[in-house]
Amino acid sequence: MNATASIVSKVWSFCTTLRDDGVSYGDYLEQLTYLIFLKMADEYSQPPYTRKVGIPAEYNWQSLKAKRGAELEVHYVTLLRELSNKPRMLGTIFTKAQNKIQDPAKLYRLIDMVNETSWVTMGADVKGDIYEGLLERNAEDTKSGAGQYFTPRALIRAMVECVRPEPNKTIADPACGTGGFFLAAYDFLVANHQMDKTQKAFLKHDTFNGNEIVAGTRRLALMNMFLHNIGEIDGESMVSPNDALVADSGNRYDYVLANPPFGKKSSMSFTNDEGEQEKDDLTYNRQDFWATTSNKQLNFVQHIRTMLKTTGRAAVVVPDNVLFEGGAGETVRKKLLETTELHTILRLPTGIFYANGVKANVLFFDNHAASKEPWTKAVWYYDYRTNIHHTLKKKPLRFEDLQEFIACYNPLNRHERKELWNEQSNLEGRWRKFSYGQIIARDKTSLDIFWLKDKSLADLDNLPEPDELALEIIDNLEAGLNSFREIAAALS
C-alpha cells in the first residue's frame, strides 16, 4: 500500500472512531483542517523555509503537542479562539472555530496522527486528493446539508474543459462553496500549459477570487486551495466572506465559473414588533442590474455578467426557473441574449446533485463591448436530460458521460460546430441549434426547450429498472414540493 493510501485509510479509520462519539464528517473535517494547518505552519517555520507565519509561540503546533488530558482540551479551546482574531488567511481559517472533540484522549490521538505526516513536502495532488475525498464524503452525509455546497466534480471538470482557461488570466466564483471550480481550473492549467516562473506565481497568488458567506464552508475552500498549493499560509485570503450580490466590487475577471446556491428567494431574518422572527425577501437594488427581483439565481446571473471583463467568459449552473420564469426572468434573458453571446446551454439530468429534485442547466456566455445588434446569433443546446438516468449512489455522473457534449461544444473552435439533430435523418440528436429569431419569438423569450421524445412514456417494453423509476418519481415529487413551498412562502 503506498504512502497516500495509508494516510487516507488512517484519516478515515479515525473518522469512524469519532463518529461513534457523535462527531459528524463535517465536524471531523473542520478539526482536521485546524490541525493540518497548524502542523504545516510549524513545518514552514523551520529550516529550510524558516518563515514567520504569524502564529504566536504559545499557540503553535508544539504547544498543542506538549499537552494532554483536560489541560490539552482547555488549551485547544483557547488556541482556536485566539487564532480567530488574527488577520489574513490565519484568521479566516479559524473564524468561529470550536472544538467538537469532547474526549481529550481522542483529540490527542488525532494530533498524533497529523504529527506523523510531513504535509509540506507531500505532493499537492496527494494532499488535495485526501481533502477532496473528505469533502465528497461530507457532501454525501445528507443530514448535514453539506451537499448544497458541493457540485459534482465530473460536471465541474467538463465545464472547465469547455472554457479552457489560460495562464495569467483571472478566475472568479461568487459562491465558491468548497472551491471545486478553482481546483479544476488549477488542474487544467497545470496539465495543459508549460508555465514559466512568472505564470506559476500568478497562478498561485493572483488567479483566483471567490465569495462564500458560510464561515465553515469558506474555511474548507481555503484549506482545499491551500493544500493544492494555491495561496500562502501567511498570505491574504482569496475567499471573501461578503455576500457577492450586495454590491458590485468593481473587480472584473477573465472567467467566471459558478454554481450559485439553489433555493429561490434571497431573504434575511429580523425580529418584528411582537418579538417574533420574520423573514423579509431581499431585493438588491443595483444600478448595474437589468431587473430588481428577490429571485436569487436571476440576481447571480446579472451579477456574474457585471463581473466579466468585456472579453470575459462565463459558465454557470442555473435551475430551470431561470430559463422560463416570467417578469424579471424575461427581462434578464432578453438582456443576456443582447449584451452577451449566450452560445451554449447544457441541460442536466436529475439525480446528480446532493440537493434533491433539482433540475439544472449550464449556461455558457461570452461578454462583449456594447453593440447596437444583439451579440447572440444562435443558442446551441445539448439535451443530457431526456431519457438519461443518474443516481448518486448506483449510477453517479462520470466525466466520461459528458464526453459527447464536450466534443459537440468543440472547445478548440466553437465556431465550427455541427448539429447532431436533423429533421430528416436524426430526430434523436441531442445537439441542436436555435437561432436568435426563433428564441425571441417564443413566449416570454423562454429558453426552456426540449425536442426529444420521452421514451419512458411510449416504450413499455424497455422501462428503466424499478429502483430507477422510483427515484425518478421521488425526484419529480421533490421538485414539485419545492415549488409548492415557494408558493406557500410567497402567500404567507
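Modeller: A residue is called buried when its relative accessible area is under 20%, exposed when over 50%, and partly exposed in between (1.4 Å probe, protein chains only). The model discussed here is predicted, with local features requiring pLDDT of at least 70 and side-chain atom pairs pLDDT 80 or more, while totals for chains, interfaces and linings use all residues. Residues are numbered from 1 along each chain as its sequence is written, and side-chain values use heavy atoms, leaving out hydrogens and water.

Biologist: Is C408 buried or exposed?

Modeller: C408 lies in helix α15, residues 403-409; helices (H or I, at least four residues) and strands (E, at least two) are DSSP runs, numbered from the N terminus. Apart from neighbours within four places in sequence, C408 is in contact (heavy atoms within 4.5 Å) with Y382, R417, L420 and W431. Because its relative accessible area is 10%, C408 counts as buried.

Biologist: How many Å apart in space are C408 and Q287, C-alpha to C-alpha?

Modeller: Along the sequence, C408 and Q287 are 121 residues apart. Between their C-alpha atoms, the separation in space is 37 Å.

Biologist: Which residues does L346 contact, leaving aside neighbours within four places in sequence?

Modeller: L346 is among the residues with the most contacts inside the largest core. In soluble globular proteins, nonpolar side chains tend to be buried together. The contacts of L346 are L155, A360, N361, V362, F364, Y382, Y384, L402 and F405.

Biologist: How many residues make up the second, separate core?

Modeller: This core includes A291, V316, L342 and F434. In total, its size is 32 residues.

Biologist: What is the volume of the second largest pocket?

Modeller: On a 1 Å grid over the protein atoms alone, a pocket is an open set of points where a 1.4 Å probe fits, with protein on both sides within 12 Å along at least five of seven lines; lining residues have an atom within 4 Å of a point. Grid points are joined across faces, edges and corners, and a volume is the space filled by probe spheres set on the points. For the second largest pocket, the volume is about 750 Å³.

Biologist: How many charged residues are in the lining of the second largest pocket?

Modeller: The lining has 33 residues, with T350, G351, H390, L471 and D475 nearest the centre of the pocket. Helix α18, residues 466-491, supplies the largest share, eight residues. With Ala, Val, Leu, Ile, Met, Phe, Trp, Tyr, Cys and Pro counted as nonpolar, Asp, Glu, Lys and Arg as charged, and the others, Gly among them, as polar, the lining has 10 nonpolar and 12 polar residues, and its number of charged residues is 11.

Biologist: Which residue is joined to P48 by a cis peptide bond?

Modeller: P48 is located in the loop between α2 and α3 (61-65). The cis bond has an omega of about 5°, and the partner of P48 is P47.

Biologist: What is the phi of T50?

Modeller: T50 is also placed in the loop between α2 and α3. T50 counts as exposed because its relative accessibility is 53%. Its phi is positive, in a residue other than glycine, and is near 45°.

Biologist: Which residues does N168 touch, not counting those up to four places away in sequence?

Modeller: N168 sits in the loop between α8 (153-163) and β1 (171-173). Because its relative accessibility is 41%, N168 counts as partly exposed. The residues touched by N168 are T198, Q199 and F202.

Notes. A nonpolar core is a set of buried Ala, Val, Leu, Ile, Met, Phe, Trp, Tyr and Cys residues joined through side-chain atoms within 4.5 Å.
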